[in-house]
Amino acid sequence: MTVQDTTRTDTGAIRYEPQDGVLLEVEDLYVEFHTADGVATAINGVSFELRQGESLAILGESGSGKSVTAQAIMGILDMPPAVIPQGHIRYCGHDLLTMDEEQRRKTRGPEVSMIFQDALSSLNPVFPVGWQIAEMFRIHRGMNKSDALDQAIRLMERVQIPAARERVKAYPHQFSGGMRQRIMIAMAIALDPAVLIADEPTTALDVTVQAQIMSLLEELQEERQMGLILITHDLGVVADVADRIAVMYAGRLVEKAEVHELYRSPAHPYTRGLLESIPRLDQKGQTLAAIGGLPPNLMRIPPGCPFNPRCRMAQDVCRRDLPALREVAPGRLSACHFAEEVIDA
Ligand SMILES: Nc1ncnc2c1ncn2[C@@H]1O[C@H](COP(=O)(O)OP(=O)(O)O)[C@@H](O)[C@H]1O
Ligand code: SF4
Ligand SMILES: [Mg+2]
């Protein structure tokens, strides 16, 4: 994809159009954290693209770099300690990493928007939820108070908050976890973003509510033809919604595939382990029973394949040579020296 000349509207704002259907293109992205203890490479040469109307799941254990990837796209990493030494994040052909801060701020919300894991700490406890949604329309769309509140009620109804008109004046603590997450979704889609990133949006919720939130996200994504990035450590939660899956391990993409193919026959031992493991929703950063061991310290990633200390299939070559992410079957990428054998197993 080539970066086209910037198109500006009469008001000076950039007009964004997907290029060949591609909304977002992350190319060879690196993110490091420079700390007193040393440099941790949290994102290590990650590339993927997101098309209009597509749902891409990013799957991986805690600490694999999923949230840092999302934060880099949103431009909300604290820099320092974060440093982006290399890479591109193109939104409709425009590199967000070289855009000036003012222009980039204008993309957050109307173009690319994000739902965070923890709805309670993302909402302001001292303001009614309806007011918080309405504020978005007042600030970004210049609506008057009563029109903005009407819009907020309509949006609350759209995300299926019962009795929205009566509850518009209620405070965050007066809603259940699931309802608060619906409010976060309402705020994230208020400005009609082209890309929505949902970072473990259902982790704190019980299984029934998780399924309801996922189907709401799926409906909204189809209705608005958004590009959706679903970040998760639990493939079971996103399998029905995602079209494609990108699997992350120690800051790298280790497998990319269409969701059903990945389910049917994973092409990387790590993905196989994830599929075999039973997620424990009540524990963060747990060891996965089917894999064993822990992800590497990002300041001391082992030579060869980063997964080799935990891999049952590891051979000498795995401890020596880093496997490249390569096409191992049509439309399927894997970073394993023995991917073909894993697929056929
Ligand atoms: N502010 C920070 N300072 C130092 N290291 C960080 C910081 N944020 C994240 N990291 C490192 O980046 C890694 C990836 O984090 P993250 O993307 O949050 O993982 P997850 O896949 O669980 O979302 C972490 O293991 C951590 O080592
Ligand atoms: S390259 Fe070797 S160690 Fe890495 S996942 Fe494949 S078999 Fe396992
Ligand atoms: Mg995370």
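Q: What should I know about the model before we start?

A: It is a predicted model, where local features need pLDDT of at least 70, side-chain atom pairs count only at pLDDT 80 or more, and totals for chains, interfaces and linings use all residues. Residues are numbered from 1 along each chain as its sequence is written, while chains are lettered from A and ligands numbered from 1 in the order in which they are written.

Q: Ok, which residues come nearest to ligand 1?

A: Ala42, Gly63, Lys66, Ser67 and Val68, out of 14 residues around ligand 1. A residue counts as near a molecule or strand if its C-beta atom, placed from the backbone, lies within 6 Å of it.

Q: Which elements give two or more residues to that shell around ligand 1?

A: Strand S1 (22-35), strand S2 (38-51) and helix H1 (66-74). H1 gives the largest share, 3 residues. Helices (H or I, at least four residues) and strands (E, at least two) are DSSP runs, numbered from the N terminus.

Q: And what surrounds ligand 2?

A: 13 residues, and the closest are Cys305, Asn308, Cys311, Cys318 and Cys336. By class, the shell around ligand 2 has 10 nonpolar, 3 polar and no charged residues. Here Ala, Val, Leu, Ile, Met, Phe, Trp, Tyr, Cys and Pro count as nonpolar, Asp, Glu, Lys and Arg as charged, and the others, Gly among them, as polar.

Q: Switching topic: at what angle do helix H4 and helix H5 pack?

A: H4 (residues 129-141) and H5 (residues 145-158) pack at about 120 degrees, with their axes 8 Å apart. Axes are lines fitted to C-alpha atoms, for helices over the stretch in contact, and angles run from 0 to 180 degrees between N-to-C directions.

Q: So what do you call H4 and H5 relative to each other?

A: Oblique, because of that angle: under 35 degrees is roughly parallel, over 145 roughly antiparallel, 65 to 115 roughly perpendicular, and the rest oblique.

Q: Last one: what is the strand order in the open sheet of 8 strands?

A: The order is S6-S7-S8-S3-S9-S10-S12-S11, with mixed pairing. Two strands pair if DSSP finds at least two bridges between them. Strand S6 (112-115) and strand S11 (326-329) are the edge strands, each pairing on one side only. S6 runs parallel to strand S7 (residues 195-199), joined by 4 bridges, and serine 113 has leucine 196 in S7 as its bridge partner.
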